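Have a look at the structure first, then work through the points below.

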Amino acid sequence: MSELRNVIIIGSGPSGYTAALYTARANLSPLLIAGSFDPKTSRIKGGQLMSTSDIENFPGAIHAPGITEFSAAPDEQLAMESLHGISGPELMKRMELQARHFGAEMIEEFVTEVDICTAPGDHYTVKLSDGREFKTRALIIATGAAAKTMGIEAEAKFFGQGGGVSTCATCDGHSYKGKTVAVVGGGDSAFEEASYLANLVDKVHLIHRRDEFRASKIMVKRAEANPKIQIHLHSVVADLKGKPHPMADKVAFFKDREVLASATLEDPRTGDQRDLEIDGLFVAIGHTPNTQLFLNQLKVDEAGYLERDRHMRALPSMNACNRKMLSMDAVPGVFVAGDVSDHIYRQAITAAGMGCMAAIEAERYLAEKLAEESQMDPEALDLSRQSFAQSHWSSERDDMGEKPIIERVAEAAAQ
Ligand code: NAP
């Protein structure tokens with residue numbers, strides 16, 4: 001028989017770990033399915049930030065000497081001068097440890113199947129790549145999205161960790177101050193990244209494979225008027241070339257490493273090639289949300305992202321496999337957070353915020369659900385009492401003058 005859990009979180013990016021942290025601190029004993037190393041894509045648990053070098057825009061996640069305690073009076077000038085960002089893998093490790101410290105359980109396997117359809121609003125089934133199967137009262141989907149890549153061999157060689165190829169200008173653009181970079185793509189993302197980078201770097205080459213853009217006219221106009229942006233039409237990146245890493249002579253780790261030096265551009269109509277010297281290349285050719293597990297169960301928008309209501313609840317698919325779901329405004333107990341449902345902001349901080357919101361909504365849902373189940377089985381109420389008794393969140397509610405969840409569970413069960 002499969003084990004029944006209160007809440008299962010799928011995904012180990014900022015939204016998944018934040019949802020795990022909040023549900024753990026609410027004594028819901030969450031189980032987070034983190035994923036593992038995928039040899040096909042070289043992806044590892046931790047999501048997109050695992051390939052980001054310095055993160056400087058996640059408030060508070062910085063290294064700065066002298067800032068150790070709130071009560072201390074740091075040398076602010078020194079702290080500001082030596083302040084530097086935290087690496088993507090470090091931030092993710094910190095998030096993972098924080099969630100586990102407060103009681104989140106983590107399994108490093110892939111989810112192979114999720115059954116929402118059979119019993120919507122009851123217990124959902126989650127199957128893992130090692131053959132294990134779980135049932136859960138609530139599910140938080142935080143599977144993220146993957147940036148599309150061009151698929152040329154050299155791209156992987158320079159990708160992330162300061163190598164020169166990135167899929168996120170907001171994350172990595174700062175490292176190219178005063179340098180020359182290129183952006184690949186002809187959609188809104190490419191133009192947005194090019195404009196953003198033009199504020200930081202000396203020169204931006206925008207490389208697009210056709211002579212028409214998907215981007216909005218206003219964004220194209222703005223880029224055309226920017227003297228730092230040069231647009232190359234009918235151009236694809238055929239190859240990337242490197243040069244020795246600047247630290248190669250000083251640090252053994254970088255001895256045989258290369259950083260990006262140039263891109264070979266090719267005209268797809270004629271096959272003509274030319275080299276373009278660049279320090280960084282930003283690939284902005286779209287994202288693919290990781291929704292495969294939920295197709296025909298949950299609703300996606302035109303771009304393929306999971307839709308949600310303002311309580312972070314997933315919506316049923318138009319072709320929902322269970323007719324009962326079609327009459328539902330939202331799928332009870334299934335919550336959505338992070339990039340899998342966001343193609344606009346796509347930031348670690350927004351994903352983390354959504355993870356928090358989904359966790360709070362899941363907590364509210366479970367309070368009602370456990371009360372409901374306790375009417376059928378009074379022992380379950382005792383379990384729910386224990387579960388919420390030391391809830392950080394319920395005590396916060398006390399401070400706000402609201403009734404703690406545990407009291408509301410008891411009241412609901414008594415009715
Ligand atoms: P997109 O609109 O799908 O554009 C992707 C671009 O990449 C297209 O120009 C495409 O070329 C090119 N491309 C695709 N595969 C390629 C490859 N292998 N090699 C070279 N080029 C390739 O994606 P997006 O720009 O990420 O935008 C996604 C959605 O988010 C859109 O709805 C967009 O409006 C929205 N968005 C809005 C904003 C905003 O409003 N501020 C900002 C960002 C994104 P072709 O044109 O030749 O197919």
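Let's start where two helices touch: Asp 188, Phe 191, Glu 192, Ala 194 and Ser 195 in H6 meet Met 219, Val 220, Arg 222 and Ala 223 in H7. Residues count as in contact if their C-beta atoms, placed from the backbone, lie within 7 Å. Keep in mind that this is a predicted model, where local features need pLDDT of at least 70, side-chain atom pairs count only at pLDDT 80 or more, and totals for chains, interfaces and linings use all residues. Residue numbers run from 1 along each chain as its sequence is written.

**The helix pair**
- Sorted by class, the contact of H6 with H7 has 5 nonpolar, 1 polar and 3 charged residues. (Ala, Val, Leu, Ile, Met, Phe, Trp, Tyr, Cys and Pro count as nonpolar, Asp, Glu, Lys and Arg as charged, and the others, Gly among them, as polar.)
- The axes of H6 and helix H7 (residues 217-224) come within 10 Å and cross at roughly 35°. (Axes are lines fitted to C-alpha atoms, for helices over the stretch in contact, and angles run from 0 to 180 degrees between N-to-C directions.)
- H6 passes H7 in a left-handed crossing, meaning the near helix is turned anticlockwise from the far one by less than a right angle.
- Helices (H or I, at least four residues) and strands (E, at least two) are DSSP runs, numbered from the N terminus.

**Around the ligand**
- H6 turns up here too: this helix (residues 188-198) gives the most to the shell around the ligand, with 4 residues.
- In total, 17 residues surround the ligand, and the closest are Gly 186, Gly 187, Ser 189, Ile 285 and Gly 286. (A residue is near a molecule if its C-beta atom, placed from the backbone, lies within 6 Å of it.)
- That shell splits into 6 nonpolar, 6 polar and 5 charged residues.

**Sheet S15-S16-S17**
- These 3 strands make an open sheet in that order, with antiparallel pairing. (Strands pair if DSSP finds at least two bridges between them.)
- Strand S15 (236-244) and strand S17 (273-277) are the edge strands, each pairing on one side only.
- From one strand to the next, the twist averages 30°.
- Strand S16 (residues 258-266) pairs with S17 over 5 bridges, and Ser 262 stands opposite Glu 277 in S17.

**Sheet S3-S5-S4**
- Here, too, 3 strands form an open, antiparallel sheet.
- Its edge strands are S3 (54-55) and S4 (62-63).
- Helix H3 (residues 88-101) packs on this sheet, touching S3 and S5, and its direction makes about 65° with that of S5.
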